[in-house]
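Hello,

My notes on its ring pairs follow below.

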Amino acid sequence: MTPTVTESLSRLYRLHAAGIKFGLETERALLERLGHPEQGLGIIHVAGTNGKGSVCSMLEAVLRRSGLKTGLYTSPHLIRFNERIRINGRCISDETLAALISRVDEQARGATARPGGQEVTFFEFATALAFEFFKQEHVDIVVLETGMGGRLDATNVITPLISVITGVSLEHTDYLGKDLQSIAAEKGGIIKPGRPVVIGPLAEETLPVIQRLAQERQARLIQARDVVSVKRKSQNLDGQQVSVESDSTSYGGLRCPLIGRHQLENMGIAVAALEVLRDECGLRVAPRAVKEGLEIVRWPGRCQVLSKEPVTLLDGAHNPEGAHILSQVLHELVKGQPVGLVAGLCADKDLAGFLRALAGRIRRVWAVPLRTERSLPPAAMAAQAKVVGCPVTTSSVPDALREAAAWATANRGAVCIAGSLYLAGEVLELNGQTESLFD
């Protein structure tokens with residue numbers, strides 16, 4: 001009897017016990033047993049601390065509007081595993097997913113049983129499954145987001161058409177290194193010999209690291225801000241009106257549904273990458289497709305407006321840089337209004353840095369638990385919140401949402417929900433979005 005998707009996913013989630021493992025040997029062994037489905041795929045490989053998911057979604061939307069059959073692999077998911085693997089914007093079906101888990105599982109067990117073999121991790125399994133699906137469906141182009149880092153990330157078994165690095169900041173220091181230069185070297189590990197690399201704005205400490213890696217590998221380096229200009233004309237809760245110009249093409253005005261000044265940089269990175277794909281890889285990317293793609297792009301849980309009365313903003317920011325970006329968005333959209341923060345973070349995150357970045361914007365905090373064993377206890381979060389001078393309440397997620405909305409209504413304020421994509425997914429479920437956010 002064919003297993004259901006729930007049964008199949010149970011097997012997959014059990015692989016979390018294998019933890020996080022850096023290295024490519026196990027992934028390569030699994031892909032070899034599957035017949036190397038990653039080979040022959042045209043791939044755009046995207047790494048970065050923040051912004052890589054937005055850039056991936058922009059690239060996919062434009063390439064789809066260009067008439068190409070697109071594959072998109074991102075992580076984590078918000079509600080359903082299926083969100084991680086999409087073709088032409090549609091999530092993999094339950095039936096197909098169950099069948100592929102069965103196929104990949106058989107080969108994963110074989111890879112583990114080989115002499116010196118190690119248990120396949122959750123992310124290694126999911127990555128191999130995505131490659132198998134994209135090969136099976138004969139996609140034209142794959143947009144592939146790294147998981148953590150880049151150099152030893154399971155996705156880094158491929159030779160891409162181009163590499164993209166959105167930015168570098170401190171994250172996952174236990175795995176990637178204790179300083180920005182070390183983390184930049186890990187992100188820069190996706191740069192491949194002779195393949196162009198497009199980068200977003202990088203700090204003085206990190207740009208030389210990426211430049212050195214590109215030079216060593218004879219990979220042409222394109223700084224997006226040098227070749228593409230994105231200027232905002234206006235912004236409201238429904239999106240932002242922008243104009244996009246590059247050294248070679250005028251794309252004119254368009255309305256992007258993603259809000260926040262940081263999305264202007266992400267658009268610039270995406271357009272620069274698309275022009276490289278057009279000029280150096282021969283892909284059909286017309287100016288009209290760029291405009292139409294950026295106007296239909298969707299990326300839930302990232303500066304997403306859930307309500308206008310009171311204004312309620314949902315974001316997956318979980319590190320100081322992400323919180324700083326979120327603070328800027330709040331300043332732009334609800335300037336002068338008191339903001340109540342519903343926050344839940346994983347225990348390994350920089351809570352103090354996260355709160356400091358938002359402290360000037362928020363008046364109240366509701367500390368909530370996450371639906372994961374990695375959750376920071378709300379009481380621990382409450383202690384830190386008091387340090388930055390915010391009144392704080394510990395609560396369940398549903399109660400916090402109700403209390404925050406009532407507080408914002410009474411004080412003519414706004415609600416911000418942030419700290420983790422685990423929290424974003426739970427809130428979207430409570431908001432009634434139990435099915436895929438993309439189909």
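Tyr73 counts as buried because its relative accessibility is 0% (buried is under 20% relative accessible area, exposed over 50%, partly exposed in between, with a 1.4 Å probe and protein chains only). Phe123, at 18% relative accessibility, counts as buried too.

This is a predicted model, so local features need pLDDT of at least 70, side-chain atom pairs count only at pLDDT 80 or more, and totals for chains, interfaces and linings use all residues. Residues are numbered from 1 along each chain as its sequence is written, and side-chain values use heavy atoms, leaving out hydrogens and water.

There are 5 aromatic pairs in the structure (ring centres of Phe, Tyr or Trp, the last by its six-membered ring, within 6.5 Å; planes under 30 degrees apart are stacked, over 60 edge-to-face, the rest tilted). One of them joins Tyr73 and Phe123: tilted, 6.0 Å centre to centre, 35° between the planes. Tyr73 is in strand S2 (residues 70–73) and Phe123 in helix H5 (residues 122–136), 50 residues apart. Helices (H or I, at least four residues) and strands (E, at least two) are DSSP runs, numbered from the N terminus.

Trp366 and Trp407 pair edge-to-face, at 6.0 Å and 70°. Trp366 sits in strand S15 (residues 362–367) and Trp407 in helix H15 (residues 397–410), so this pair ties together parts 41 residues apart in sequence. Both Trp366 and Trp407 are buried.

Trp366 has a further contact: the charged end of Arg364 sits over its ring, 4.5 Å from the centre (NZ of Lys or CZ of Arg within 6 Å of the ring centre and within 35 degrees of the ring normal).

Finally, Tyr13, Phe81 and Phe122 form a cluster linked by ring pairs.

Best regards
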